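Here is a short tour for anyone about to work with these coordinates. Have the viewer open and follow along.

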Amino acid sequence: MLSRIISALVLVYAARAERFEGVEPHMGTLVRITIYAKDASPLRAAFDRIAALDEKLSDYKPDSELNRLCRTHGEMVKVSEDLFRVLEASLKLSALTDGAFDVTIGPVTHLWRASKLPDAETRARVGWRNVVLDRQHRTVMLKMAGMQLDLGAIAKGYAGDEALRTLRGLGVRRALIAVSGDVVAGDSPPGAKGWRIGLEPAGGEILLHNAAVSTSGDEEQSRQIGGKKYSHIIDPATGLGLTAEIAVTVVAKTGLEADPIATAVSVMGETKGRAVFEKRVQKLLILK
Ligand code: AMP
Ligand code: MG
């Protein structure tokens, strides 16, 4: 009897859930959120969570929490749980990729944005081993002056995860968050096996639920410097943007994994990338 009442309630609820979608500019790109819910109001909370994360994690906003941290060195600085978590995940990945993934690459990416190649002084301010974390006190120390963190390869995936978590807190489980090429999915739409996600440039589509997919590659953004095309993804071993063509798509449990791994594999190339990540992710597509 009870189970019959419950399934009747579920049916009523499902019938009332409608599809709502919103698009807003955040994190220097467009964010699209799709939900099945009673009304559109949960979208506001999810976008607000992403905006709040941008205030903390952006290296474009002079007074973001990240940039305030970058103006310190040699002292343990208390940071938010969000910033700490992203830095913790970043450093783990730096160790795993032997430095191919490195969020201290900021001095180089900021020159790249101005279409300049880095000099030795700039490159000397890069190095993930110069970031010290203390989980117990939730503090961060930058060992050197002039360091610049750039979370551009990981913050969007984390923002997708957190938007989904916000929606779930409001009882919305069927949701899809796309922060540009970083997509995080909750439960499937009613009656579907997953959210249909078109894969660019690999082609085809996948059905995604309770997982994340990210695509990275040289083509996304580039600068012509001295007649050569350099991608926005930098190989920390050389300080130069990638010049070889590559596009990497990663499906993983969370955006905090899929986003940086897609960037890391773009730097590492197919052989090393597969060796390190094939067994750690749900899907790894590499197009050259
Ligand atoms: P994505 O679009 O996720 O592949 O991230 C690319 C962005 O990450 C770039 O625009 C830079 O801001 C930053 N970035 C570039 N090279 C690296 C690297 N080797 N490790 C970490 N972040 C990087
Ligand atoms: Mg990435």
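In this predicted model, L133 stands opposite V140 in β5. The strands β4 and β5 are joined by 4 bridges and run in the antiparallel sense. They belong to an open sheet of 3 strands, ordered β3-β5-β4, with antiparallel pairing. Its edge strands are β3 (77-78) and β4, each of which pairs on one side only.

Next comes helix α4, which spans residues 81-96. From first C-alpha to last, its 16 residues reach 23 Å, close to the 22 Å expected at 1.5 Å a residue. Which residues of α4 are buried? They are L83, V86, L87, A89, S90, L93 and S94. Because these cover an arc of only 160° around the axis, they sit on the same side of α4. The face turned away from that buried side carries the exposed residues E81, K92 and A95. After α4 comes D98, with a positive phi near 55°.

| Partner of α4 | Residues |
|---|---|
| α2 | 41-57 |
| α3 | 65-70 |
| β4 | 131-134 |
| β5 | 139-142 |
| α7 | 155-169 |

Helix α8 is also a partner of these buried residues, and α8 (residues 255-268) gives the most to the shell around ligand 1, with 4 residues. Of the 18 residues around ligand 1, those that come nearest are G152, A153, S216, I234 and T263. Sorted by class, the shell holds 9 nonpolar, 5 polar and 4 charged residues.

Note on methods
Residues numbered from 1 in each chain as written. Chains lettered and ligands numbered in written order. Predicted model: local features only at pLDDT ≥ 70, side-chain atom pairs only at ≥ 80, totals over all residues. Near = placed C-beta within 6 Å. Helix = DSSP H or I, 4+ residues; strand = E, 2+ residues; numbered from the N terminus. Nonpolar A, V, L, I, M, F, W, Y, C, P; charged D, E, K, R; others polar. Expected span 1.5 Å × (residues − 1). Buried ≥ 20, exposed ≤ 12 C-beta atoms within 10 Å, placed from the backbone. Arc of directions from axis to C-beta. Contact = placed C-beta atoms within 7 Å. Pairing = 2+ DSSP bridges.
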